[in-house]
Amino acid sequence: MGNADSITFIFFNAFLANNFVLAMFLGLCPFLGVSGKLNTALPMGLATSFVMLVSSVCAYFLNELLVAFGIEYLRLISYIVVIASAVQLVEMTLKKLSPTLFRALGIYLPLITTNCAILGLALFQTFKEYNFMQSLAYALGAGAGFILALLLMAGLRERLELAKLPSVTQGAALSLILGGLLSLAFMGFAGLGAE
Amino acid sequence: MSLIKQDDRITLDTFLEGVWRENPVFVMMLGMCPTLAVTNSAMNALAMGVATTFVLIASSLLVSLFRNLIPSEVRIATYIVIIATFVTIVDYTMQAVSQPLYHALGAFIQLIVVNCIILGRAEACASRNKPLKSMVNAAGMGLGFTLALLSLGSVRELLGSGSLFGLPLFGEHFQPWVVMVLPPGGFLVLGGWLLFFEWLKTRKQDQVLGAEGATHG
């Protein structure tokens, strides 16, 4: 590590030190919504990471194209269209391969389109001017970080179902406070690399 | 059936719904990402709230005007393109008006596109109602969102840097609670607000149960 442009550094930076969910607040809707059970959290994480990878690659080439034509102001619109198509692809694949899982994920699957982690990833890699390999590492790191955060949260929430809690703390407030504690723990990774 | 008849009426409730009863942040838990990410100071929170409100109102108007032309199969894609257009406008305006603010909010301005509140309003309200009503409703939602952001932003700024809108409030002996302006603070403060509202709700329910005769709420 050390070199801020190296591929390992970018991967671990997105994975731990600047975890998309816990440090940059991207993709919170599924983080709070689907993290109730471990067996839905994992497929959701995998689906999101896959879309991240696909849209990161697409966004990279799309940006080259936009810059070549000098029409960067269309960036946002074209990114979101690419992401929406990628999500549609995943949705159709999943429906064919595993209808049970498709039903378990429910509304959260099409909502991947409006998951800010994915658009955020595409935008950040453009701002940071990553090359192709760097973008790939960034997308993989972000995806792995998203799965990690989702799994940790789901594990905690499964345990807490058995605990006796005051009635006021049940529901969203509890998830947020858990998120806060996880986020505190992840700040320990901050020494690994800064922005 | 009666719902269809009431469709065009604009009541105070159309506006206030978004501010209190269906507050996007505290009640519906939508738009969490910008809510937590940019509320490390009251000024950022206000700017974000205003930007989102503008996109919300403008896209509601457009969606509502075209609601009979948009085929339902491609409606989500159409809404997203409309929203993305307005966000691009906001993005470039912000860049022209205030560079420091633009840098503080960073990519989160562009991320307004994927704010579920806006798409949710387009789908649930603007696609079914006349332009004026959708705009009033959107304005209410925007105000509710801005207020929620402000309530988070001011608490975090107050605890984390001891100031409000950049003005120091406490003396120089104030020890800032730095973690509040860092990511964990966002989660904890929002969690705290939710606990407070939940407590208010349970207390109200208890009162209603206590006064058995007057149960209408």
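What follows is a short chat about a predicted model with chains A and B.

Visitor: What should I know about numbering and the cut-offs first?
Guide: Residues count from 1 along each chain as its sequence is written, and chains are lettered from A and ligands numbered from 1 in the order in which they are written. This is a predicted model, where local features need pLDDT of at least 70, side-chain atom pairs count only at pLDDT 80 or more, and totals for chains, interfaces and linings use all residues.

Visitor: Ok, where does UniProt put "transmembrane region" in chain A?
Guide: The unreviewed UniProt entry lists residues 6-29, 41-62, 74-94, 101-124, 136-156 and 168-192 of chain A. Positions are in the numbering used here, feature names are shortened, and annotations may be inferred rather than shown by experiment.

Visitor: How much helix is in residues 74-94 of chain A?
Guide: That span is 95% helix and 0% strand, with its end C-alpha atoms 31 Å apart. Residues 6-29 of chain A also have end C-alpha atoms 31 Å apart, but there the chain is 54% helix and 0% strand. Helices (H or I, at least four residues) and strands (E, at least two) are DSSP runs, numbered from the N terminus.

Visitor: Over to chain B. How many residues does α4 have?
Guide: Helix α4(B) covers residues 42-65, so 24 residues, and reaches 35 Å from first C-alpha to last, close to the 34 Å expected at 1.5 Å a residue. The expected span is 1.5 Å times one less than the number of residues.

Visitor: Why is α4(B) called largely enclosed?
Guide: Because 18 of its 24 residues are buried. Buried means 20 or more other C-beta atoms within 10 Å of the residue's own, exposed means 12 or fewer, and partly exposed is in between, with C-beta atoms placed from the backbone.

Visitor: Which residues of α4(B) meet α7(B)?
Guide: Val55(B), Leu56(B), Ser59(B), Ser60(B), Val63(B) and Ser64(B) meet Ile117(B), Ile118(B), Arg121(B), Ala122(B) and Ala126(B) of α7(B). Contact means C-beta atoms, placed from the backbone, within 7 Å. These residues divide into seven nonpolar, three polar and one charged. Ala, Val, Leu, Ile, Met, Phe, Trp, Tyr, Cys and Pro count as nonpolar, Asp, Glu, Lys and Arg as charged, and the others, Gly among them, as polar.

Visitor: And between the chains, how many residues are in contact?
Guide: 33 residues of chain A contact 32 residues of chain B. On the chain A side, α8(A) gives the most, with eight residues. By class, that side has 25 nonpolar, eight polar and no charged residues.

Notes
Contact = placed C-beta atoms within 7 Å.
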